[in-house]
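Q: I have a structure open and would like to go through some of its residues. Can we take it in short steps?

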Amino acid sequence: MGTKKVKISSVKRAAHLKSKKTPLSKQQQQKNKQKRDQLLSKREQGQNIFSQKARKKDNLAQRKKHNKLASLGLNPLEQDDNEDDDDQMLDNVADMLDGDDLALLQANKRKRKAKNDDEDGADQQASIGLERAYTSDTKKEQAAQKIKLDLLPIKSRDGQIITRTTEVDYLPKPKLKKRDEEVEDVEDSEEEEDGDTEFEDSDDDVVNDDEAASAAKHVPKLISTTDLLIARQQEIERQKYRIGIICSGLLEKPEDKMRNFHALYELMDEINPATKLPNLMPVRKLAIISITEIFKDILPEYRVGQVDTKMQTLRKATLERVTFENALLQQFKKFLQKLEHLTAQVNKRGGLRTPQTIKLATVAVQCMCELLVAHPYFNYVQNIAQLLVYMLNCNYQEMRTAVNECFRTVFANDKKYEMALFIVRRINNLIKTKQNNVHVECITCLMGLKIKSVNLDAEKENELKQKKLESHRQRLISLSKKERKRRKKLTEVNRELEETRAEENKQAKNLKLTEIIKMVFTIYFRVLKNDPTSRVLSAILEGLAEFAHVINLDFFADLIDVLNRILEEQEELGYRERLHCIQTIFVILSGQGEVLNIDPIRFYQHFYRNMLAVQAGKNHDDFAIILRTLDEVLVKRRRNMSQQRLMAFVKRLLTGSLHLLHNGTLATLGTIKQTFQLTSVLDALLDTDTTIGSGRYDPELDDPEYCNASSTALYELALLSRHYHPTVRRMAMHIANGVPASGEGALPTDIGKLSSHDLFEQYDSTQMAFNPTIPLPKAGQPKLKKGKQLYIRSDFKQEYGKLLREGKASQSKDKNILQIDFLSALQ
């Protein structure tokens, strides 16, 4: 193909040739090089800018003088020539003179020159001083100047957005000077120095930590301990400020600041990869906590899916969102790997167990717990849960407590029951692997499960429902064609309504709940069967007492036999474990276990024997176990008890109330009040006549059936009527008056409607709060009573008075001094 010629106008061609640079000749290049060398030499010499400005000022004054002379009609050049002519005339006169006249003329000439030089120097020094004073004042103003910075807003509890500002010192930003590749002449270079400047508007210098890199090169060799501590505190404060700047940038726009995570990860390591210096322990903790808070804020509530952007064509907005989610997922995975490495130091064999690693592992476990609670449905949360299950059996109490509280919170807030089922399975695997040799927290965390409403007999109930539905189906078949068509349309409408309500699949939810509770009771029964003397037996029995009503009916008889064998054979069993065993048995017998043909008389004896094990000295909180068991024994099974046994329990319960705090005593009186209201058999205990009963009451007998409680009375009410707590006094008088509903001795409505558990919780004083509040004493001046003199010897008072009278009679000249010799007088 041939080339095509295009015609252009002469104007465009001239403009093109004008803009096009012609190559410089060798002479021009050499000239430019000499100018650049002169400029560099001036810079190296470091001429005083104040001297330059003063010289410019003198030149300006000289030009003003010339302009003034010109305006007067005089030639300034002639004035300068006249001055030069005067000097030349003096030189000619000097040639003609000799001797003293010549010396006098030369001295006058020197004085005149010195005077002119002094005037020029004084003007120059004054101008330099003014410039220096101006620059120093400007620096002082900048040092004292404050600027306002906007902080991140906060949200109050009322939902209001509160804006915050702070004042910081003004720091001028470093200037970036424009430099061209070639300097054509000196004037252009000077204009570039005094020209426009650009300022940095980024936090890259803070993220990259250029200050630490420069400070690492100038470390002094000899420093004292005080300097070391000061430098440590300064480094902590500097890193706090740096972490705050990085986190603020991440929270402001995480899509563009995702690279800032690397700077925070460097602060988590023991040795900073950027500066090759060790990171301080507070800085490492602060970095871990800061990253956790960032992820809690920016992680989405849903599970992120993996999308291959190379294989699929996406829109621009979708592509940006997918890219951000993939990058966020990678950063989250890297953070979890670092936390796992910190926990592995204290949980695996061969780990470095030092106080520093233990503290860091504790912080890492707490951060993982917060992430699991905040985002239980995000990616990698199952990995977090699996790691926390292993930390639930570590050797450090603080970590186990944190994980225990975390799992309880997850169980309470889990609505899909997916995470709860996964955690329970991992705990079951852990206990099975360790052969029941685990810590108590592995069992007690299961108390937070919401499985009280689960019915394991649902399969039998479903079979009955299917039979009913089959019979209903047969009736529908016999319906007319019109009725069947109407019923079909109604069914379709109901199905659409359920879909629009977006209800969860209740059948799938119940299946997960059933699986969870089967797994829990598998753990409980394995420990009871294989290792009844395990250290987790107390937690196992407590869990059985909590969930006994949801146990399948087929296991009741075997479970009661196992618990009875534990109560009778294990003599070293503590009172707490015994109370939990008894509570579990009565919960079973009060529910679906009523159909079982089991005589609970031996369990009544165990409970009657252990009722006095709780006191206000050291285990007052365990009285809540007795209260729950009393609800099963005295309230729900009161009709299955004999009168003698019921009276014996009430008598011993009131006796034990004398050893409790006021909230325990109130709970006891509340239970007795409720029992008095439900049966009239206990009215005999308010009669002080002991001739009605048969025999004599034996409070030390362990069998409640034969202790003859009907031959005694509730004498403890007289003691409780003088109790230090006003509500206890009122409640005791209410029971002593026969529990009246109205009139004398009746309780106020706010106290009478409270149950025993409510009384035990509301009147608890462990938080140093007295209910009702104690009134302040009245302010007044104390009355001073005159004291009396007491004497061991009856005749001492007479001798003492005699000595005083004799001493006053023989008083010395000084009337203000009285001298008495008591020792010689007594001898």
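Q: Which helix does Gln583 lie in?
A: Gln583 lies in helix α23, residues 575–590. Helices here are DSSP runs of H or I with at least four residues, strands are runs of E with at least two, and both are numbered from the N terminus. This is a predicted model, where local features need pLDDT of at least 70 and side-chain atom pairs count only at pLDDT 80 or more, while totals for chains, interfaces and linings use all residues. Residues are numbered from 1 along each chain as its sequence is written, and side-chain values use heavy atoms, with hydrogens and water left out.

Q: Is Gln583 buried or exposed?
A: Gln583 counts as buried because its relative accessibility is 6%. Buried means under 20% relative accessible area, exposed means over 50%, and partly exposed is in between, with a 1.4 Å probe and protein chains only.

Q: What is Gln583 in contact with?
A: Leaving aside neighbours within four places in sequence, Gln583 is in contact with Ala545, Ile625, Arg628 and Thr629. Contact means heavy atoms within 4.5 Å.

Q: Now the whole chain. How many helices and strands does the chain have?
A: The chain has 33 helices and six strands. Of its 827 residues, 33% count as buried.

Q: What does the accessible surface of the chain come to?
A: About 56100 Å², and 50% of that belongs to carbon and sulfur atoms. The areas come from the Shrake-Rupley method with a 1.4 Å probe, and for residues only the protein chains shown count as cover.

Q: How many salt bridges does a search of the whole structure find?
A: The search finds 14 salt bridges. A salt bridge is a side-chain nitrogen of Lys or Arg within 4 Å of a carboxyl oxygen of Asp or Glu.

Q: Why do such side chains pair?
A: Side chains of opposite charge can pair when their charged atoms come close.

Q: Give me one. Where do Glu293 and Lys296 lie?
A: Both lie in helix α11, residues 281–298, and they are three residues apart, about one turn of the helix. Glu293 is partly exposed at 33% relative accessibility, and Lys296 is partly exposed at 26%.

Q: What about Lys512, which residue does it form a salt bridge with?
A: Lys512 forms one with Glu418, with the closest N and O atoms 3.5 Å apart. Lys512 lies in helix α20 (residues 506–530) and Glu418 in helix α16 (residues 418–433), so the pair ties together parts that are 94 residues apart in sequence.

Q: And Arg645?
A: Arg645 forms a salt bridge with Glu705, the closest N and O atoms being 3.1 Å apart. Arg645 lies in helix α26 (residues 643–656), while Glu705 is in the loop between α27 (662–678) and α28 (716–720), so this pair ties together parts 60 residues apart in sequence. Arg645 counts as buried, at 10% relative accessibility.

Q: Where is Met641?
A: Met641 lies in the loop between α25 (623–636) and α26. Met641 counts as buried at 9% relative accessibility. Not counting residues up to four places away in sequence, Met641 touches Tyr604, Val633, Leu634, Leu646 and Phe649. Met641 and Glu705 are 64 residues apart in sequence and 9.7 Å apart in space, C-alpha to C-alpha.

Q: Switching topic: why is helix α10 largely enclosed by the rest of the structure?
A: Helix α10 (residues 260–268) is largely enclosed because seven of its nine residues are buried. Phe261, Leu264 and Tyr265 are among them.
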